[in-house]
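Work through the exercises below with the model open. Try each task before reading its solution.

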Amino acid sequence: NDIEILLKQADFEKDFEVFYQPQFSIPHKKLVGIEALLRWNNLEMGYISPAEFIPIAEEISYINPIGEWVMGKAIRQISIWNEMYDFDLKVGINVSPVQLENKTMIPALADLMRKYAVRPENIDIEITESIAIEGEHKIKQIDTLFEGLGVSISVDDFGTGYSSLSYLKHFPFERIKIAKPLVDAIAYANYDMQIVKSIIQLAKSIGMKTIAEGVETQEQFDILAELGCDEIQGFLLGKPVPADEFEVCYFGQA
Ligand code: G
Ligand code: G
Ligand code: MN
Ligand code: NA
């Protein structure tokens, strides 16, 4: 497999870059956080989507060094921005289920938090909803894993297939990230709007926050505000961009 070979040859510092996408509170559109998203620009193949190469990196366990590299970049960046602009932003870092099985992940994260003096409140670990199929036991295990660090955990891509609302009660997620396909549909499909409404209501009743992903239109924003969603992320308010561009866009600084 081409991608596998290219991946193993990748020079992380040269070929990878972490982009940042803003997350805003509703309804005032205050910047509250950022999500770190990995980008790979290969000399031969050009831009390769993480949706394509991450599953391959997972298969060959190469996601472990890659994931650690992303964590380092993201934690360093949030440390710099919070200090420089006197902010209290949270950085969301996507962590693959494969990384959760790796014993060095938590010590590496702890080291990075110390190295860059970042408080646990400023780090959010995004774990995909698909982890839920492994059951309650798995979720408890993850919770225990991160407990000592004090970082928060969000469930990513919620509502895309594996969701069982009932498993939420076993796990103190900080936030539910409502998946883009559901968000897409809320403006034209009453059924999907009702599902999103139920997710937001349930989250509220158990003390979790909700963030809608992939918000692209004002109409979606208005519906989400009406439904009481806490935060939004999406092209309507900002695409993922490189760090220097993020500074220009959101901190008015070059
Ligand atoms: O940013 P984009 O929409 O192209 O991302 C596609 C997919 O890749 C998403 O599911 C996203 O969560 C995932 N992804 C992006 N960056 C990372 C990363 O650093 N680690 C992991 N595990 N997944 C990532
Ligand atoms: O799976 P995860 O939620 O981590 O993936 C986030 C991905 O969604 C990022 O790769 C980002 O590029 C993409 N994304 C974020 N907002 C939007 C949006 O408004 N529209 C589209 N099409 N993609 C988005
Ligand atoms: Mn994510
Ligand atoms: Na997601």
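**Exercise 1: the ligand shell**

At least two residues of the shell around ligand 1 come from each of β2 (31–42), α3 and α4 (63–84). Helices (H or I, at least four residues) and strands (E, at least two) are DSSP runs, numbered from the N terminus. The model is predicted: local features need pLDDT of at least 70, side-chain atom pairs count only at pLDDT 80 or more, and totals for chains, interfaces and linings use all residues. Residues are numbered from 1 along each chain as its sequence is written, while chains are lettered from A and ligands numbered from 1 in the order in which they are written.

Task: find which element supplies the largest share of the shell around ligand 1.

Solution. List the shell: among its residues are Leu37, Pro50, Ala51, Ile54 and Val70. A shell residue has its C-beta atom, placed from the backbone, within 6 Å of the ligand. The largest share, three residues, is from α3. Now sort by class: seven are nonpolar, four polar and none charged.

**Exercise 2: two helices**

Task: state how α1 and α3 are oriented to each other.

Solution. Take the angle: α1 (residues 2–9) and α3 (residues 50–59) pack at about 80 degrees, with axes 10 Å apart. The two helices are therefore roughly perpendicular, a label for angles of 65 to 115 degrees. Ile3, Glu4 and Leu7 of α1 meet Glu52, Phe53, Ile56 and Ala57 of α3.

Key: Axes fitted to C-alpha atoms, helices over the stretch in contact; angles between N-to-C directions. Parallel < 35°, antiparallel > 145°, perpendicular 65-115°, else oblique. Contact = placed C-beta atoms within 7 Å. Nonpolar A, V, L, I, M, F, W, Y, C, P; charged D, E, K, R; others polar.
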